[in-house]
Amino acid sequence: MKNKRIILQGLFIILIVSSCATQKLTEEGKTAYQANNYEAALNAWDQVIEKQESRGNKAEATIYYKAGLAAKKLDQTSKARKYLEKAEYLEFSSPQLYFALSEIYKTIDNLSKEIIALEDYHKKYPQGEKIDTITIRLFETYVQSENWKPAVDIWPEIKEKAQNDVDLLTGYLIVNKNLENEKVSKKLADKILKQQPNNITALEWYAKSYFWKAEKPYVKEMTAYKNNRTTSQYERLLNALDEIYPTFEKSRNVFLKLYKLDPKPKYADFLGKIYKRLGEEKKADYYFKKAE
C-alpha cells in the first residue's frame, strides 16, 4: 500500500512538472510570435504538440492553430496545412483560420478545398475584417469552377466594387454568357470594351453573337429557297440577305481583330465560314487552312 502511494505521488509530480514545462513552452511560443520570431514560436509549439502526441493525445486546438499560422509565416506550407486542419477538426473556428486555409489551398492549387474554406469564412464571419477580399475571391473561384448559379448569387455583394475592375466584369460576363443571359452579357461586354478595348472575352462574345445572329437566319432562308424556288421566295431571300450580310461583316471585323490579337485556329475557322457565306472563296480557303 505504501509503495502504491509512493508511485502515485511520483506520477503526480511528473504530471505537474510536465504540465509546467508545457505551459512554459506555450508561453514562449506566444511571446516569440508576438515579437515576429516565427521560427522560435513554431519550435516551441512543435515541442508542445510532440509531447502530447507522443502520449497518444492531441494538443489543444489553439496550439495547432497558432503553430499553423507560424508555419505559414515561414512558408512551411505542408506543416501549416496539417496543423490548421487539425485545429479545424478539433472545432476551432476563427476568420483567420479560414483565411489562412484558403490561401494555403490556393497555393497548392486545391480549388475545391479553397472554395470550402472561403465559404466557411463568408458564412460564419460576414462582418470579418477580410470579408471583401474573401467575397471577391469566392466569386473568382465560382467562375473558375464553373459554378454559375453561386456566382450570380454572390455578385450583388461585389457589384459596386467591380464596376471599374475589368477582371471581375469579365468573370461576370463569362457567367452570363454560359447562362445565355444575352441582355446582361451585352451590357457587360460594352462596359468592358470601354475600359479595355482589346479584352478578348468581350470581343469574342460580340464576334460570336454577330455570327449566330447572321448564321441562323441565313441557313433558314437558304433552306426555304432550296425547298421552294419561286420568284417570291427568291425576293424574300434577297431581302433577308440585305440584313444578314452586314451582320456577317460585323462578325468578320471583330474576328479579324481577335485573330490579330491572338491567332487561334478557332478564330480562323469562324473567318473561313464567314468569308464563305460572303462569297469570298479565296479568303475562306486561306483561313480554313490556318484553322487546320
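A helix, as the word is used in this tour, is a DSSP run of H or I covering at least four residues, and helices are numbered from the N terminus. The model on display is predicted.

**The whole chain**

Begin with the entire protein in a cartoon view. There are 14 helices and 0 strands, so that the pattern along the sequence is helix after helix, α-α-α-α-α-α-α-α-α-α-α-α-α-α. Next, turn the model about its principal axes: the C-alpha trace spans about 120 × 40 × 40 Å. The radius of gyration of the protein is 32 Å, whereas a compact globule of 292 residues would have one near 19 Å.

**The surface and the charges**

Now display the surface. The protein exposes about 17800 Å², and carbon and sulfur atoms supply 50% of that area. Colour the charged side chains: 50 are positive and 41 are negative. The centres of these two sets lie 2 Å apart.

**The nonpolar core**

Hide the surface and turn to the interior. Of the 292 residues, 39% are buried. In soluble globular proteins, nonpolar side chains tend to be buried together. The largest nonpolar core in this model has 83 residues. Select L84, F139, W155, F248 and F255, which have the most contacts inside that core.

Which residues are in contact with F248, leaving aside its neighbours within four places in sequence? Select F211, A214, E215, Y218, I274, R277 and L278 to see them.

**Helix α5 and I104**

Move to helix α5, residues 95-107, and select I104 within this helix. Is I104 buried or exposed? I104 counts as buried because its relative accessibility is 3%, and the cut-off for buried is under 20%. Beyond the neighbours within four places in sequence, I104 is in contact with K72, T77, A80, R81 and L84. Draw a distance from I104 to A80: the two residues are 24 apart along the chain, and their C-alpha atoms are separated by 8.1 Å.

**Helix α12 and L237**

Finally, select helix α12, residues 231-261, where L237 is found. L237 has a relative accessible area of 5% and is therefore buried. Not counting residues up to four places away in sequence, L237 touches E221, M222 and Y225.

How values were computed. Residues numbered from 1 in each chain as written. Predicted model: local features only at pLDDT ≥ 70, side-chain atom pairs only at ≥ 80, totals over all residues. Heavy atoms only, no water. Core = buried A, V, L, I, M, F, W, Y, C linked by side-chain atoms within 4.5 Å. Buried < 20%, exposed > 50% of the residue type's maximum accessible area, 1.4 Å probe, protein only. Contact = heavy atoms within 4.5 Å. Helix = DSSP H or I, 4+ residues; strand = E, 2+ residues; numbered from the N terminus. Rg over C-alpha atoms; globule rule 2.2 N^0.38 Å. Areas by Shrake-Rupley, 256 points an atom, 1.4 Å probe, with all protein chains shown as cover. Lys, Arg positive; Asp, Glu negative; His and termini not counted. Charge placed at Lys NZ, Arg CZ, Asp CG, Glu CD.
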